[in-house]
Amino acid sequence: VSPSPPSSSSSSSSQPSPSSITRPNNSPNPWEVHKFGGASLADASLYKTVGDLLIRESRGRVLPSPSADDSPTTTTTASGPIPTMAVVSARAGMTDQLVRVVDSALQDMTQAERELDLALSGQLSILRSLASPSIADPIAARMEKDAKDILSVVQSLRMIRSVPPSVMEVVTGFGEIWSAQTLYAYLKEGGVRVAWLDARDVLIVKSE
C-alpha cells in the first residue's frame, strides 16, 4: 500500500539508491511491514479489517511534539504518508485443505480433486465478495490455473507412493499466494495504489 508519490527531481544515476528503496517515492518515512496470520484472514470480513488497517497506516499518524518553550502543553504534527507492506499467511484452514489434497492423491485422485475444489471455491467466494468482476475475474482465472498446476504436480504421487517435501511445500505455498491476491483485490477495489508481490520471484532458497 503506497500513498500517491510527491513530486521529485530526476536522478542522474540509473541505479536505485538505498534511500529510494527504504523510502520509496521520496516518502518522508521508511517502509512499515505488517504480518498477518491465517486467523486474521479467516473470512471476507477479516480481509476487510486487515485491508482497512493497512490503509489507515499508510495515511500516516498524528504525533505529539513538545512545545518550543518546554511548557507542559504539546502540539501535534503529522508523520506524513507511510509506505506500508503486508506479509500474509494462507487464510485459516487453507493449508490443512491443501495438505489433504496431497495426501488424498496418494490413494484417490478423484478425492484429491474434490479436496482441491473445496479449497479453491472457498477462496474464490471470499475474493468475489470483496471485489467487482473487473478486478476479481483476472485473479480468479489465475487461481484456477494454479489449481490445474497443483493437480499436475500431485498426479505423479501415486506412482512414487510418497510425498517429497518439495511437493508439499509447492502445493501448500499456493495458500499464501491466493491470500495475498485476495487482499490485493480488496485494496484495489477501494482505489488504493497497491501492488502484490509473489515472494517466489525474489526469494530463492538453495539447499546444500
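Helix H7 is followed by glycine 191, whose phi is positive, near 80°. Helices here are DSSP runs of H or I with at least four residues, strands are runs of E with at least two, and both are numbered from the N terminus. The structure is a predicted model, in which local features need pLDDT of at least 70 and side-chain atom pairs count only at pLDDT 80 or more, while totals for chains, interfaces and linings use all residues. Residues are numbered from 1 along each chain as its sequence is written, and side-chain values use heavy atoms, with hydrogens and water left out.

The overall plan can be stated briefly. The protein contains seven helices and four strands, and along the sequence they follow the pattern α-β-α-β-β-β-α-α-α-α-α. Of its 208 residues, 38% are buried; a residue is called buried under 20% relative accessible area, exposed over 50%, and partly exposed in between, with a 1.4 Å probe and protein chains only. A contact means heavy atoms within 4.5 Å. Among the contacts with a separation of 6 or more, 66% join residues 24 or more positions apart.

Methionine 85 lies in strand E4, which covers residues 84-88. With a relative accessible area of 35%, methionine 85 is partly exposed. Apart from residues up to four places away in sequence, methionine 85 touches Trp31, Glu32, Val33 and His34. Methionine 85 and valine 33 are 52 residues apart along the chain, yet their C-alpha atoms are separated by 4.7 Å.

The next element to consider is helix H3. The expected span of a helix is 1.5 Å times one less than its number of residues. Helix H3 has twelve residues, 94-105, and should therefore span 16 Å; its end C-alpha atoms are 17 Å apart, which agrees. Within H3, the buried residues are Met94, Gln97, Leu98, Val101, Val102, Ser104 and Ala105. These buried residues pack against helix H4 (109-130), helix H5 (133-154), helix H6 (157-160) and helix H7 (165-189).

How are two packed helices described? The description uses the angle between their axes and the distance between the axes. Each axis is a line fitted to C-alpha atoms, for helices over the stretch in contact, and angles run from 0 to 180 degrees between N-to-C directions. The axes of H3 and H4 come within 7 Å and cross at roughly 165°. H3 is therefore roughly antiparallel to H4; that term applies to angles over 145 degrees, whereas those under 35 count as roughly parallel, 65 to 115 as roughly perpendicular and the rest as oblique. The crossing of H3 and H4 is left-handed, a word used if the near helix is turned anticlockwise from the far one by less than a right angle, with right-handed used if clockwise.

On the H3 side, the residues that meet H4 are Met94, Gln97, Leu98, Arg100, Val101, Ser104 and Ala105, and their partners in H4 are Met109, Gln111, Ala112, Glu115, Leu116, Leu118, Ala119 and Gln123. By class, this contact has nine nonpolar, four polar and two charged residues. Ala, Val, Leu, Ile, Met, Phe, Trp, Tyr, Cys and Pro count as nonpolar, Asp, Glu, Lys and Arg as charged, and the others, Gly among them, as polar.

Two residues show this region in detail. Serine 104, in helix H3, counts as buried because its relative accessibility is 14%. Leaving aside neighbours within four places in sequence, serine 104 is in contact with Met109, Gln111, Ala112 and Glu115. Glutamine 123 belongs to helix H4 and is buried, with a relative accessible area of 0%. Beyond its neighbours within four places in sequence, glutamine 123 is in contact with Tyr47, Arg91, Met94, Met143, Trp178, Ser179 and Thr182.

The account now returns to H7. Its 25 residues should span 36 Å, and its end C-alpha atoms are 37 Å apart, which agrees. H5 and H7 pack at an angle of about 175°, with their axes 11 Å apart, and the two helices are therefore roughly antiparallel to each other. The residues of their contact divide into 13 nonpolar, two polar and four charged.

Isoleucine 135 lies in H5 and counts as buried at 17% relative accessibility. Apart from neighbours within four places in sequence, isoleucine 135 is in contact with Ala185, Lys188 and Glu189. The C-alpha atoms of isoleucine 135 and tyrosine 186 are separated by 8.9 Å, although the two residues are 51 residues apart along the chain.
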